[in-house]
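The sequence and structure come first.

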Amino acid sequence: MKHFFTLICLLVLYGSPAELIAQKATADKVKSFRVTDANSIVDRNNEVTGYYMWYWVDRKDKKNNAYILRILDNNTNLVQDIPISLPKTYFFLECSFNGEAFALLFFDRAKKSLIMQTLDKSGKRIKSHTFPKSKGQELNVMTARIKSDYFARMVYPTDENGFILTRDVKNSKLGYSIEAYDNQMKRVWQYGSKKNSNMFEMAEVQYTSDKYVVLSVMKKPGLLSRDLVFDLIVVDATNGNEIMAKKMMDKEKYGVLGLEVDEEKEEMLVVGEYYGGSDKIFYDKSKGLFLMNIKMDGTTKVTTNSWVREIKKVVRVSDKGKIEDGGYIAFHKIIRTSDGSVFAIGEMFKKTVSGVGVAASIITRENQGLSNFKIMDMVVLKFDPEFNITSFETIEKKDRTVHLPAGWETVSVNLIATHFKVGGYFDYYFSTTDKDRDRHFITYLSSDRSDGKKQTYVGAIIIDEGEYSTDRIETDRGATSLIVLPAKSGHVMIGEYYKKAKKLEARLEKYDF
Amino acid sequence: MIAQVLLFAAASGTVSAQSGQPYQPLPFLTESESFSGLVTERYESSKSEVAALDKRVRSHMEGTFGSIQEIYLSYLEEGACMLNGPIYSHVFDILEEVFKANPELRHDKTLLISRFPEFNAFVTNNGVVTVFLGLLTALESDAQLAFILCHEIAHLEMKHADARIRAQAERVADKQFRKEVRTASRQTYGGRIRLMELAREIGFEAARHQRYKESEADSLGLEYFMKTRFYSPDAVRNMEILDSIDFDRSTMLNLEQIFHHDSYPFSKDWLYYAGASSMASVEYNMRFSIDSLKTHPDCLERKEMLERILSSRFPGRSDGLRFIRSEQDFIKLNRMANLEIAESYYRWKNYDLSMYYALQLLEQYPDEKYLHTMVGLNMAQLCAAYQRRELGKVLGYTSMDQPESFNRMLAFLHELRSREMGELAYWYLEKHVPEPIDERSTFAKALAAKVSGRTGEFDSLKKVYLKNYPNGEFIEELN
């Protein structure tokens, strides 16, 4: 399911672009900034290798505009400014880099079609390809991206020779297509849902390399149906042939939260929450956490930790997964370290208004106001290599109230969690990984009070050498607003905007652990 | 401002530290009524000199004069100026020698030593001759500096700066140019691009103008120089030095050897290095042609021109003074300039550059206690910043346009956790400055104790500092 929504505020600068130089950058005369058009460039391990900024320069002629694609490395050194001329109907979506070529994705608002262009390392255009007119869900997603800050990644680098593009397509219902292109925009292969499938299917790329592409595919019989299941599909990255398709369901259902591929051992490790066989994922409360080892031949081994048995040994939790004196947990990231330990990072939340008042308002048809929820502490669950839970710890942060329209408190906690994730209500921002050194960084944003004043800070949970620690980076109270971006491993990019001074200061800050 | 990464020139001889006593850096000047008064006065007089010109030309020129005034005032405020002291007086003596040999010259030039590390000197229309500390580290003799001063004075005598400012003002005020600007700003299509092109043209024209004038200044400067007592071949040698300046001659630092201590062994993990840039494979493009913006024509061309003039106008002349006082004095100047650069970086909170510079200088001056103190002090300051979670404000990152040795040092510092930084600072100072020997080393050791969590030791060192240096410059930081 394409719910990849990042809370990250991205920026584009009007007027002269900021030169983000190493150490600290200041951009003056920043009249305003917009949450689009700049993002990190990630490699196939999802590690930040740089940044791109896309900005408009001039109207070239009646039909075309002049733009600059600015490329920075992951130390924010300016690497290249690539001038690009395009029809003014093109809307910039994203930029990817595979080590040899850039891929730019646009949407033509007039012709309602996707365009993908590849550029070589000098910024010279290699090829441009226009896709057939977008329809249905793809068109809806494009419209959402144009009108709002909604970001749903579609392009992934595989190796130095190409990219993968994910698309929603019209089958008899809704389907997906995963298309591999080389740097010359020649289609190498295509894999997707069956045209005659009677299910709504939405795919998310979990892993890419020059050997495998791994997808998690959410399927449900109807658009409004709550009865969804996941498939895990492994595709040969060289030719698009299906290697394995695993239904994430046996007598229980499994919702994927994290996935790792060990190409040497030809196996995957999948983690997430599991549900009863008749439960509805995202709607019903999970039964606990699972760890699944799947070999490429399909052989599977599952280990579970349920709320009512295993997890209860380390923390007081109700049968429905509510932590005593706490709340429910929404898991953001599950990590397996090289020694086999597993860490599940989540965030607690709870309802704070009973459903009775709401029910009364429904009966009386009077607006009784809002539904209140609280976003609470971060949590870390640790499991040993046998997936036995060994500890449950909370990382305190200030509770924050979220208001939703009246009636939401009657909705299931899982759906609330999903809604919060998609809507960016949680304090969790993003996670980054240093695969070489097996370090993982989970970033969130929170605030507390010191000296009677609000102090916003960037919080981090760091997993290194099989243990976790925390860190916190305070931001400048004088800043009007804040931008927080993923950065290279162990770092975070913090931008502090001062509206009165029309100044933006950005710096790479290192976590301490 | 991007801090300049240093390219080292070999000193003309290795000098060991004065026995025992560490170098005491010169005071940082951030105020000078006389200098700011002079700059302001010259700004006003520059304005009156152009009062009769066309309104537009005058307005642009006044704007440029104002910018020049602001630059100098901000130099002063930043502590970038040396207007007195031993370095200043040494250079001033050479300047005086030039004036003595050329009595026809107007003596209304003001000397400024800039603390920036660039290999450069320049003049502005207000008669200020600026010599950078970096230049003083690169030269081999007073005679070479004398030629450079003659070159700059020639610019002033021929009013090149005024001519350039006027030419640019006239260009901008030119009817045709203004029409082009108006047209571009009203253009529906391509107007902004055209405006950027026009701005770029102005910049390139200024650079071309400047390049032509360099040859004139070389020629007239040589005339002034040859009237002095200085050694004439050094005028030519200057060009060879300038030509070699772009080569990185910094030493690859053996960080393990530098920072290892038996009580805190060095970890090879700290040497992890992923390269200068994550985008090293991407073509690194400059937006402007480098050659178009060069203001100094090819040094070898200039060298040939000087040789031609010397052989035709001054055949057989190869005598003269290389040093106005003594070679030892010059070597001392060289050394002081180097040490002051390390100090300047520290004062500007460029702890990474200050540490790097100090480590490089230790190759030349291995016994200089000041440098050892600076290495430990910079490490302690980096640690303190890290503990405040402000490391990103004081520690730079690797980059393709920096020397590899600097990049590796940066990468090493980024590998450290704050407790490791604190320990390295502490043990480095234990090894090289075991006892506090002056105010700076007392403060450095106190700070290192503090950031490494040695509260007791910090308290006693603080007491020592407050007792011995009750008005010391680091009091605020200790409290």
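In this predicted model, 29 residue pairs, both at pLDDT 80 or more, are in polar contact between chain A and chain B. On the side of chain A that touches chain B, the elements that give two or more residues are the strands E3 (48–59), E4 (64–73), E5 (78–87), E30 (467–474) and E33 (503–510) of chain A, and among these E3(A) gives the most, with 6 residues. Sorted by class, the residues on this side of chain A comprise 16 nonpolar, 11 polar and 22 charged.

Taken as a whole, the interface brings 49 residues of chain A into contact with 40 residues of chain B. The size of an interface is often given as the accessible area lost when the parts come together; here the area buried between chain A and chain B is about 3,700 Å², with carbon and sulfur atoms giving 47% of that area.

The count of salt bridges between chain A and chain B is 4, while the count over all chains comes to 59. Two salt bridges that involve Asp464(A) are set out below.

| Salt bridge | N to O distance |
|---|---|
| Asp464(A) and Arg417(B) | 2.8 Å |
| Arg439(A) and Asp464(A) | 3.1 Å |

Within chain B, the axes of helix H9 (residues 233–244) and helix H12 (residues 299–313) come within 9 Å and cross at roughly 175°. An angle over 145 degrees counts as roughly antiparallel, and H9(B) and H12(B) are therefore roughly antiparallel to each other. Residues making this contact include Met239(B) and Leu242(B) of H9(B), together with Leu306(B) and Leu310(B) of H12(B). By class, the contact of H9(B) with H12(B) has 8 nonpolar, no polar and 5 charged residues.

Conventions: Residues are numbered from 1 along each chain as its sequence is written. Chains are lettered from A and ligands numbered from 1 in the order in which they are written. This is a predicted model: local features need pLDDT of at least 70, side-chain atom pairs count only at pLDDT 80 or more; totals for chains, interfaces and linings use all residues. Side-chain values use heavy atoms; hydrogens and water are left out. Contact means heavy atoms within 4.5 Å. Buried area is the accessible area (1.4 Å probe) that two parts lose on being put together, summed over both. A salt bridge is a side-chain nitrogen of Lys or Arg within 4 Å of a carboxyl oxygen of Asp or Glu. A polar contact is a pair of N or O atoms within 3.5 Å; within protein, one must be able to donate a hydrogen and the other to accept it, and residues adjacent in sequence count only if both atoms are side-chain atoms. Helices (H or I, at least four residues) and strands (E, at least two) are DSSP runs, numbered from the N terminus. Ala, Val, Leu, Ile, Met, Phe, Trp, Tyr, Cys and Pro count as nonpolar, Asp, Glu, Lys and Arg as charged, and the others, Gly among them, as polar. Axes are lines fitted to C-alpha atoms, for helices over the stretch in contact, and angles run from 0 to 180 degrees between N-to-C directions. Angles under 35 degrees count as roughly parallel, over 145 as roughly antiparallel, 65 to 115 as roughly perpendicular and the rest as oblique.
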